[in-house]
Amino acid sequence: MAVSVAENLMVYEKPKEGDQEIKVEDYAYLVKRIAHHMMARMPSCVQIEDLIQAGMLGLLEAAQKYDASKGASFETYSGIRIRGAIVDEMRRGDWAPRSVHRNSRRVAEAIATVEARHGRDARDHEIAEEMDLSLDEYYAMARDSASTRLFSYEETYENDESRFDEYEPSDGLRGPSEQVHRNALYTDLVAAIGKLPERERLVLSLYYEQEMNLKEIGLVLGVSESRVSQIHSQAALRLKSRMQDWQSYE
């Protein structure tokens with residue numbers, strides 16, 4: 001299995017070692033890798049070129065602000081900046097239309113209804129039936145609905161902010177109450193993830209912790225890339241349904 005996965009991984013050319021001067025073009029591969037990884041949670045109307053363009057701006061900013069004396073490598077620091085730039089651009093544009101936000105709430109409510117009725121995890125076809133949709137229609141709706149903001153828990157799950165804070169001194173805006181709020185959100189999120197069906201937990205782990213893209217995860221699980229996308233979307237919507245109390249804090 002390991003050989004098969006390695007042979008099919010997307011290839012990104014890395015910069016050569018030993019050059020002290022940071023050349024932005026040498027790290028374009030990093031923008032491409034992160035953009036392809038983040039496409040999984042973007043609406044279908046977003047093109048990969050949109051993410052790459054936003055990511056390049058983050059890379060340029062990283063090159064200007066990087067301080068090697070802080071201890072982290074430029075690749076680590078720039079990766080955080082690239083992700084942040086892509087998220088910021090998507091938020092500014094609010095790429096998901098209002099209908100997607102409405103559908104996101106509908107799906108979350110349907111999941112909650114089915115799970116309350118049966119006392120177990122809702123199955124895909126049950127959610128589709130609850131919404132009076134075909135399975136294909138449900139998967140299409142779930143794909144876009146899972147791409148909405150989801151009250152920022154995706155960033156909570158993914159980012160190691162302690163690394164970012166090495167470079168960002170406190171500006172007085174992040175007080176103790178905000179940190180308590182974030183810690184509580186993280187605790188509830190971890191608990192909710194732990195209660196997901198096994199395959200959904202595995203997909204989230206491979207995607208967020210191992211930073212594998214959908215194609216790579218599909219090779220590990222022996223399923224298609226589109227099926228991985230469906231599982232990822234289902235997991236995100238299930239989490240949203242189970243953490244609705246946090247939505248007022250978006």
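Is Lys32 buried, exposed or partly exposed? The points below begin with the overall fold and then return to this residue.

1. Basis of the note. This is a predicted model, in which local features need pLDDT of at least 70, side-chain atom pairs count only at pLDDT 80 or more, and totals for chains, interfaces and linings use all residues. Residues are numbered from 1 along each chain as its sequence is written, and side-chain values use heavy atoms, with hydrogens and water left out.

2. Overall fold. The protein has 13 helices and 0 strands; helices (H or I, at least four residues) and strands (E, at least two) are DSSP runs, numbered from the N terminus. Along the sequence the pattern reads α-α-α-α-α-α-α-α-α-α-α-α-α. Of its 250 residues, 42% count as buried. Buried means under 20% relative accessible area, exposed means over 50%, and partly exposed lies in between (1.4 Å probe, protein chains only). Among contacts (heavy atoms within 4.5 Å) between residues at least 6 apart in sequence, 70% join residues at least 24 apart.

3. Lys32. This residue belongs to helix α2, residues 28-38. Lys32 counts as partly exposed because its relative accessibility is 37%. Lys32 and Gly55 are 23 residues apart in sequence, and their C-alpha atoms are 8.2 Å apart in space.

4. Packing of α2 and α3. These two helices pack at an angle of about 135°, with their axes 9 Å apart. Axes are lines fitted to C-alpha atoms, for helices over the stretch in contact, and angles run from 0 to 180 degrees between N-to-C directions. α2 and α3 are therefore oblique to each other; angles under 35 degrees count as roughly parallel, over 145 as roughly antiparallel, 65 to 115 as roughly perpendicular and the rest as oblique. The contact is made by Ala28, Val31, Ala35, His36 and Met38 of α2 together with Ile48, Leu51, Ile52, Gly55, Met56 and Leu59 of α3. Those residues divide into 9 nonpolar, 2 polar and no charged. Here Ala, Val, Leu, Ile, Met, Phe, Trp, Tyr, Cys and Pro count as nonpolar, Asp, Glu, Lys and Arg as charged, and the others, Gly among them, as polar.

5. Nonpolar cores. In soluble globular proteins, nonpolar side chains tend to be buried together. A nonpolar core is a set of buried Ala, Val, Leu, Ile, Met, Phe, Trp, Tyr and Cys residues joined through side-chain atoms within 4.5 Å. The largest core has 22 residues, of which Met42, Leu51, Leu59, Ile82 and Ile86 touch the most other members. Two or more residues of this core come from each of α2, α3 (48-65) and α4 (74-93). A second, separate core of 20 residues includes Ala192, Ile193, Tyr208 and Leu214. Leu59, in turn, touches Val24, Tyr27, Ala28, Val31, Phe74, Ser78 and Ile82, not counting residues up to four places away in sequence.

6. Packing of α12 and α13. The axes of α12 (residues 214-221) and α13 come within 8 Å and cross at roughly 100°; the two helices are therefore roughly perpendicular to each other. In this contact Leu214, Lys215, Ile217 and Gly218 of α12 meet Glu225, Val228 and Ser229 of α13. The residues divide into 3 nonpolar, 2 polar and 2 charged.

7. Ser229 lies in helix α13, residues 225-242, and is buried because its relative accessible area is 13%. Not counting residues up to four places away in sequence, Ser229 touches Arg143 and Leu214. Val203 is in helix α11, residues 198-209, and counts as buried at 1% relative accessibility. With the same exclusion of residues up to four places away in sequence, Val203 touches Ile217, Leu221, Val228, Ile231 and His232. Val203 and Ile231 are 28 residues apart in sequence and 7.3 Å apart, C-alpha to C-alpha.

8. Positive phi values. Most residues other than glycine have a negative phi, and most peptide bonds are trans. Asp132 has a positive phi, near 60°. Asp132 lies in the loop between α6 (124-130) and α7 (135-145) and counts as exposed at 70% relative accessibility. Glu211 also has a positive phi, of about 55°, although it is not a glycine. Glu211 is in the loop between α11 and α12 and is partly exposed at 31% relative accessibility.
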